[in-house]
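My notes follow the structure.

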Amino acid sequence: MARPTPISGFPELLPEQRVVEQHAIDTLRRTFELHGFAGIETRVVEPLDRLAKGGEIDKEIYVLRRLQADDSASDAGLALHFDLTVPFARYVLENAGKLEFPFRRYQVQPVWRGERPQVGRYRQFTQADIDIVGRDELPFHHDVEVMRVMVEAISALPVPPVSFQLNNRKLIQGFYRGLGLTDLTAAIRVIDKLDKLAPEAVAALLVEQVGASEEQAARCLELATIRVGDTSFVERVRALGVTDELLDEGLAELAAVVEGCASAAGERVTVEANLRIARGLDYYTGTVVEIFMEGYEHLKSVGGGGRYDRLADDGRNVYPGVGVSFGLTRTLVPLIADGVLAGSRKVPSAVLVAVADEETRPASDEVARALRSRGVPCEVAPTAARFGKQIRVAERRGIPFVWFVQDDGSHQVKDIRSGDQVAADVAAWVPPAADLRAGTVRPG
RNA sequence: GUGGGUAUAGCUCAGCUGGUAGAGCGCCGCCUUGUGGUGGCGGAUGUCGCGGGUUCGAGUCCCGUUACUCACCCCA
């Protein structure tokens, strides 16, 4: 059979690359759990009518169908989830009686979208989400909290610096209302084009499509170009002379989030108020965030999220939520491809136990057993080849140590990077902590 | 969904106006008979994406097809 070819948009990693992803997941999980977020995993399918809400994303949904399905099949109308928020909202409703609110959870799972793949854009990709959801109400301080947790989580990853660009929908909405603009959605859509169009062109569109006066359009642009790393945006917005209650509320909230995240931020993660960030999705009602990675701005955001006052609604209760999503695949796959990140070795083993000849393989097996009993990952040489070849087996796999059982029954362990070989006690030897497990390295 | 590019060894690629396929790296062996890496010598490997056409002859030209890839759209 001819060699199979990859399927575009469905990335697969080699073992030494998977190490990077696994390490990132472990790191995120540690931070999430430190903050009391519970891990859940939802099924990968949802009823199609729950996923399809009339958005453009609809046509990107993969539906599930049995090859021999007839119309009455019970799996008719199932589809793969395209994010983790919709399944989570459903999960909350389904288990509302068994969950404690406010409920905080993290979730790291693949999602599927039938888009045309490109760099950083896949049809199957893994997201890491954290959300906090309340019943009927969710105090604002959770907005600050959830952003802080993600700032901390990403800070612990060995990725290039990332930037949290924060805004608040109340601020935008209040500003536009105070300005006298009515079609908020249209205005946001036009402002979003600042990426591609010159400010003058955007202003023209505001006049044409949103019905703004030239004066109003100018004000909108002034707002949209405010971008600062502290709370000084409050004064700058006020200076624009628009007054509105909702605007005040939005300003206060955004200031609180920016300030709250500042102490968690550092060299690896910066936080800014960027008043042109809106996010396309309609369900955001307050805090919004988009995350960008330095040197990888062409990927667009590597994460995003915000506040949604109606995450879920069962008719009796509403469940407001606030959350952030981090695109693991989008972040990691390009970094791995560029050689920015790599696995430290191809196998978990820290030690290869050499085999002198097949008659003494049991002695080598015994060494491995002893090492494993102390938590040292190791494997026994596949063949009793010349020692030079056995060392090469280790070298190819990136295994740092080779263990030899001498003819007289004594033991030696060799660090094949330095060539140093020393006597070792099979009942006590452990590798340096840095060599114990495969990890992520930055070759560049 | 729309438009462009590409497809040759494990990898990166060369192969001119058509004449039975190459390099570098990697891999294997030996120099080196129980200790790798450097060096020297030797060696193996391809349905040239797939199908059809033109031709005495196609990796090369034409048509089709599939896959990958880039851009638009949109998003993590």
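I note that the model is a predicted one.

Seven residues from domain 1 and four residues from domain 3 take part in the contact.

**Interface of domain 1 and domain 3.** I record a buried area of about 410 Å², with carbon and sulfur atoms giving 57%. Of the area that domain 1 buries against domain 3, Val19, His23 and Ala342 supply 67%, more than any other three residues. I looked for salt bridges across this interface and the rule finds zero. I count two residue pairs in polar contact between domain 1 and domain 3. On the side of domain 1 that touches domain 3, helix H1 (15-34) and strand E13 (342-343) each supply at least two residues. H1 gives the largest share of that side, three residues.

**Strand E17.** I next examined E17 (residues 411-415), which is largely enclosed by the rest of the structure because four of its five residues are buried. E17 pairs with strand E16 (residues 401-405) in the antiparallel sense over five bridges, and with strand E18 (residues 421-423), also antiparallel, over three bridges. I traced Gln412 of E17 as the bridge partner of Phe404 and found Ala423 in E18 as the bridge partner of Gln412.

**Hairpin turns.** Five residues lie between E16 and E17, and Gly409 in that hairpin takes a positive phi near 90°. The hairpin of E17 and E18 has five residues between the strands, and I note a positive phi of about 90° for Gly419 in the turn.

Methods: Residues numbered from 1 in each chain as written. Chains lettered and ligands numbered in written order. Predicted model: local features only at pLDDT ≥ 70, side-chain atom pairs only at ≥ 80, totals over all residues. Heavy atoms only, no water. Buried < 20%, exposed > 50% of the residue type's maximum accessible area, 1.4 Å probe, protein only. Pairing = 2+ DSSP bridges. Contact = heavy atoms within 4.5 Å. Buried area = accessible area lost by both parts, 1.4 Å probe. Salt bridge = Lys/Arg side-chain N within 4 Å of Asp/Glu carboxyl O. Polar contact = N/O pair within 3.5 Å; in protein donor to acceptor, adjacent residues only side chain to side chain.
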